[in-house]
Amino acid sequence: RARSVRVDGRAGLSTLLENASPLGGREYDWLVTVLRDRELVYFLGVAPERDYPQYERVFEQMLASIRFR
């Protein structure tokens with residue numbers, strides 16, 4: 001399910017996906033998409049299911065640091 005986010009002041013969508021990891025177990029894939037001018041920009045953070053809570057904070061910090069030129 002997608003939810004609204006802002007990336008450098010621009011509207012975007014955030015979707016958390018879950019799937020089988022190629023390394024075994026489950027993983028979460030955090031997909032963020034932003035329409036910039038006439039381009040679709042996306043960011044993807046991937047982490048093992050059990051470690052996702054720690055990675056989620058880092059992914060959010062990374063997203064907050066993005067600046068479009």
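Trainee: Which residues does Val 7 touch, not counting residues up to four places away in sequence?

Mentor: Val 7 touches Val 32, Val 34, Phe 43, Leu 63, Ile 66 and Phe 68, where contact means heavy atoms within 4.5 Å. The model is predicted: local features need pLDDT of at least 70, side-chain atom pairs count only at pLDDT 80 or more, and totals for chains, interfaces and linings use all residues. Residues are numbered from 1 along each chain as its sequence is written, and side-chain values use heavy atoms, with hydrogens and water left out.

Trainee: How do you know that the span of helix H1 agrees with its number of residues?

Mentor: The expected span is 1.5 Å times one less than the number of residues. For the 13 residues of H1 (residues 52-64) that gives 18 Å, and the end C-alpha atoms are 18 Å apart, so the two agree. Helices here are DSSP runs (H or I, at least four residues), and strands likewise (E, at least two), numbered from the N terminus.

Trainee: Why are Tyr 52, Phe 59 and Leu 63 called buried, and Arg 57, Gln 61 and Ala 64 exposed?

Mentor: Buried means under 20% relative accessible area, exposed over 50%, and partly exposed in between (1.4 Å probe, protein chains only). Tyr 52, Phe 59 and Leu 63 are buried in H1. Seen down the axis of H1, the buried residues fall within an arc of 35°, taken from the directions from the helix axis to the C-beta atoms, so they line one face of the helix. Arg 57, Gln 61 and Ala 64 are exposed on the other side of H1.

Trainee: What covers the buried residues of H1?

Mentor: The cover includes strands E1 (2-7), E2 (10-20), E3 (26-36) and E4 (39-48).
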